[in-house]
Amino acid sequence: MNTLEIIKPENLVYGKPRLMNDNPMHYCPGCSHGVIHKLIAEVIEEMGMEEQTIGIAPVGCAVFAYNYLDIDWQEAAHGRAPALATAVKRLNPDKMVFTYQGDGDLAAIGTAETIHACNRGENIVIVFVNNAIYGMTGGQMAPTTLLGMSTATCPHGRNVELNGYPLKISDLLAQLDGTCLVTRQAVHTAAAVKKAKKMLRKAFENSMSHKGTSIVEFVSTCASGWKMSPDQSNKWMVENMFPKYPLGDLKDI
Amino acid sequence: MEDEVKLMKGNEAIAHAAIRYGADGYFGYPITPQSEIMETLMDEKPWETTGMVVLQAESEVSAINMVYGGAACGKRVMTSSSSPGISLKQEGISYMAGAELPALIVNVMRGGPGLGTIQPSQADYFQTVKGGGHGDYRLITLAPASVQEMADHVALGFDLAFKYNNPAMILADGVIGQMMEKVILPEQKPRKTEEEIRKEQPWATLGKTHGRKPNIITSLELDPAVMEQNNIRFQQKYNQIEENEVIYEELLCDDAEYLIVAFGSTARISQTTVELARKEGIKVGLFRPITLWPFPKKKLKAYSEKVKGILTVELNAGQMVEDVKLAVECKIPVNFYGRLGGIVPTPDEVLDELKKLL
């Protein structure tokens, strides 16, 4: 059997979601964003919500998320995505609304917007990509950077006296009465991807049944920022990130 | 049917006018001297009648970004604040100008800088008409001088914002916000339906319907050649606004030998000064810019051929006076009188200043 015979439609067992277009991604090799984008596209498609979904893109590496998923998008100022999403959902209660934010966007400059959107129980999904570093601006310290981890703005390693502690913001958000689902996932193995997709679907369903705010944190890699190969990054994440940010559901009601 | 005349504060008039305009949403944060706007809206509960959303945000920053999100859906959304809060909103205003989003922002000015005072001021003129946020952009700026205009400028501001896909600001001061006058409110208009918005604002992010490309609302463009073209397009739009949307009021200007130029509450005070001066035989008129941007520079230039001098009166250290001088190209003397820090001048004080020009 030659290749052309193999790629016949009737032999198709897996494909790119229809909502993902053919624009070449700007993400670095080994970056988790591509897989997370794909999962969001699959969930929206499987829910049949393509025409009802509005995404809010952040500032950071995912600033161009709107280039890859063929849905309506708004690009927010740094950290403000939950404020935009609040208005979009309140003005259009029947639409499906999500933000896509990194650790700097969500847990530093946008802390107030994040906490208060969650506390109001806005019926939105917050997709939170935590790779413990500012990727887009060139590898600076994030609120979630681990102690001892070196970045462009803590080149000698994050130390408590100077920089304080890594912020476990999802744990904090789980305490708020407005959140209905807070879960920490990863996409480094096939099994993890499968589980993450399940929780993502649940989050989007929650938003449509107006249960409150759902947060899906993805503990992620940044091979370029961490100055490692993609493979090393995954190992480093499992060994160093997971102990601080353990995977699992922090809240699911 | 006869119009119903009501007595209320300028701030309350804004709230009622917003509901009656068919506004879709208000997002705000309390600050003196404009808190009655949100208080009135919350009391009126328009979500039960027109379906208008009213939400108290956690900060001015959040409120203006809620406005961004709502505006990006093609909805008629607004916010209000006072000077320190408006400083916080500048990020969102710049982003909305860059993303070409229509929205209404109300600034009931108080004295600054910093926390300043809660008394009236016009010291945010520069911030409003010269930029405020970063980048080359312009904000359509309306300066009401009465409670009636507070109500009327809601519709005017929304209409201009949607005509040009640009944010518009009502730049009032504490006097206009707090004083009570009679007002005739507009008729209740229905809110736009989603179908109407999809038709009138085809760029709105309301979900990508089958067959159309995704709508993306952003101010980001990394290719400098494209970004320059975006900026050129903005400037062309601003030129169009300057050409078409200038509004001003003239009082006894026909035979005037001197002009007082003032906006908002100082125009009201100067109106009395004009009456006092006329009684003394001084031929003075009042020229009141209603749009501060676009500024009525052509009209003022024409007056520079007719009058002997101009007195500009403001509640600041001299801001609009710079635009008056530019407009008359320094052909005639332009004097300035201002009170600072929340002090409002009397008509007699202004008259004394006028006499220095004679």
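The legends below describe views of chain A and chain B in a predicted model.

View 1. The secondary structure of chain A comprises 10 helices and 9 strands. Its radius of gyration is 18 Å, close to the 18 Å that the globule rule gives for 253 residues, so chain A is as compact as a globular protein of that length. Taken along the principal axes, the C-alpha atoms of chain A fill a box of roughly 60 × 45 × 30 Å.

**View 2. Burial and contacts within chain A.** Of the 253 residues in chain A, 52% are buried. When contacts in chain A between residues at least 6 apart in sequence are considered, 67% of them join residues that are at least 24 apart.

**View 3. The two assigned domains of chain B.** The domain assignment places residues 4-185 of chain B in domain 1 and residues 248-355 in domain 2, and the C-alpha centres of these two domains lie 26 Å apart. Their contact draws on 24 residues from domain 1 of chain B and 20 residues from domain 2 of chain B.

**View 4. The side of domain 1 of chain B that touches domain 2 of chain B.** Helix H5 (125-129), strand E6 (140-142), strand E7 (167-173) and helix H7 (174-178) of chain B each supply at least two residues of this side, and H5(B) gives the most, with 4 residues. Sorted by class, this side of domain 1 of chain B has 15 nonpolar, 7 polar and 2 charged residues.

Technical notes. Residues numbered from 1 in each chain as written. Chains lettered and ligands numbered in written order. Predicted model: local features only at pLDDT ≥ 70, side-chain atom pairs only at ≥ 80, totals over all residues. Domains from an automatic or database assignment. Contact = placed C-beta atoms within 7 Å. Nonpolar A, V, L, I, M, F, W, Y, C, P; charged D, E, K, R; others polar. Rg over C-alpha atoms; globule rule 2.2 N^0.38 Å. Buried ≥ 20, exposed ≤ 12 C-beta atoms within 10 Å, placed from the backbone.
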